[in-house]
Amino acid sequence: SGGAMGLLSDIWISRKPLTGFALMALFWAAFFAQMPVIKAAIDASDGVYGTAMLVASLAAVTAMWLAPFADRAMGRWALSFAALALAFGMLGAGASSTVVVFTLWMVLASVAAGVVDVLANVRISEAEEASGRSLMNLNHAFYSLSYGGAAFATGAFRELDWTPVEVFALLLALTLLLSWVMVEPASKPKPATASEARASVSVARLLTVLGGIVVLVAFLVEASAEGWSALHLERTLGGDPSEGAMGPAILGLTMGIGRLAGHFMSRRVPEIKLMGIACIFAASGLVIAGAAPSLVIAYLGFGIAGFGVSVIGPLALALIGRTVAPEARLDAISRVSVMGYGAYFFGPPLMGYTSELFGLRAGFILIAGIMIVTAVVVLPALSRNAADHTLRRNANSLSG
């Protein structure tokens, strides 16, 4: 399979989860790009708004239980249904005029986004098994690139004086159009029952925890770099707002490029090895950005960090999805995904307290340190555990 043809066939194989990822990226990018307007509409201070968002993201953790439930209850319609719930939640949040109403709609949107996220990752894992192709980085690359494009487009709509309600109504219409793409074929086998899955997941407990830690650290780098890069560029290095905004933009772009590169490399380099290289890359990028004497060097650092960190989460999810028994896949991937969300809770305070005490530079260097520890301690353990698990599964299938 040649490069371009191979890529097109990979996109076709994963079109259902790919659509879910693209829609999720469009909604989050449109939300964050309009955040100042939405925040002003509900008349919330920084603290109150932060609390509302924390409640919403804590609710997203229920996706860990809801995604398997939705998959068993709604089967082939589950992904489309979750995407529509996300669209309605965002539209409601964009139309809110009080903090309480906004929080309730954001809870719906966050839980739905969590379910879309988990189900899409499971669908990719199933498609990887069925096709023998590696698809996880490609799908996550689509998320990054859609996110970047949508943030840019939303900025343009804001220049044209579009309101959040108008932007989200447009996205809701798009979701309705695309929801039929995400419906699974009627021939799709029924997902494993909850009890079958529980039995298999308990066997894979250590594997899911180790995988979860790796995803968490990857998200930690992502969250801290996306959330604090602009502040670092403006406050530490004296950039103006447009120079500050370049931080998140460079990250989005390099993450998209990194995942596309990862898609082609993951056929040639074993996952664990690729993750190890990526950890060292990401850590060195953060150190360069943290220690940077000028904006240009900081941009270079954030670019290297984005490129490196981009492949770690998708590779860990692919490894877990491939290693656990098929009936455990749904529950294992939802657990790993939700552990990853943990980064968004303790990432901001970790960065906040470190930079309060020692400055923002120290914050980035601390995260780089965590990344190195992951490469040296967690990845070898994950590698051994996955190998043991695969051996056990093969032995069982031979004896059974």
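**Note on the predicted model**

1. Phenylalanine 102 has a relative accessible area of 0% and is therefore buried. Here buried means under 20% relative accessible area, exposed means over 50%, and partly exposed is what lies in between, with a 1.4 Å probe and protein chains only. Phenylalanine 31 is likewise at 0% relative accessibility, so phenylalanine 31 counts as buried.

2. On the basis of the note: this is a predicted model, in which local features need pLDDT of at least 70 and side-chain atom pairs count only at pLDDT 80 or more, while totals for chains, interfaces and linings use all residues. Residues are numbered from 1 along each chain as its sequence is written, and side-chain values use heavy atoms, with hydrogens and water left out.

3. The whole structure holds 11 aromatic pairs. In one of them, the ring centres of phenylalanine 31 and phenylalanine 102 are 6.3 Å apart and the planes meet at 15 degrees, so this pair is stacked. Because phenylalanine 31 belongs to helix α2 and phenylalanine 102 to helix α7, the pair ties together parts that are 71 residues apart in sequence. The rule used is that rings of Phe, Tyr and Trp (its six-membered ring) pair if their centres lie within 6.5 Å; planes under 30 degrees apart count as stacked, over 60 as edge-to-face and the rest as tilted. Helices (H or I, at least four residues) and strands (E, at least two) are DSSP runs, numbered from the N terminus.

4. Both of these rings also belong to an aromatic cluster, formed by Trp28, Phe31, Phe32, Tyr49 and Phe102. Another ring, that of tryptophan 12, has arginine 15 over its face, at 3.7 Å from the ring centre. A charge sits over a ring if NZ of Lys or CZ of Arg is within 6 Å of the ring centre and within 35 degrees of the ring normal.

5. The second largest pocket has a volume of about 530 Å³. It is lined by 25 residues, and Glu126, Ala127, Glu184, Lys188 and Pro189 are the closest to its centre. A pocket, on a 1 Å grid over the protein atoms alone, is an open set of points where a 1.4 Å probe fits, with protein on both sides within 12 Å along at least five of seven lines; lining residues have an atom within 4 Å of a point. Grid points are joined across faces, edges and corners, and the volume is the space filled by probe spheres set on the points.

6. Helix α7 gives the largest share of this lining, seven residues. Helices that each supply at least two lining residues are α1 (3-13), α2 (15-33), α5 (63-74), α7 (99-131) and α16 (329-358). By type, the lining of the second largest pocket has 12 nonpolar residues, one polar and 12 charged. For this count, Ala, Val, Leu, Ile, Met, Phe, Trp, Tyr, Cys and Pro are nonpolar, Asp, Glu, Lys and Arg are charged, and the others, Gly among them, are polar.

7. Two aspartates deserve a look at the backbone. Most residues other than glycine have a negative phi. Aspartate 43 is not a glycine, yet its phi is positive, about 55 degrees; it lies in the loop between α3 (35-41) and α4 (46-60). Aspartate 161, also not a glycine, has a positive phi of about 65 degrees and sits in the loop between α8 (136-159) and α9 (164-179). Aspartate 43 is exposed, at 69% relative accessible area, and aspartate 161 is exposed, at 64%.

8. Helix α11 (residues 205-236) has a kink of about 45 degrees centred on tryptophan 228. The bend at a residue is the angle between axes fitted to the seven residues ending there and the seven starting there. After α11 comes glycine 238, with a positive phi near 70 degrees.

9. Leucine 26, in helix α2, is buried at 19% relative accessible area; its C-alpha is 5.7 Å from that of tyrosine 147, which is 121 residues away in sequence. Alanine 368, in helix α17 (residues 360-399), is buried at 2%.
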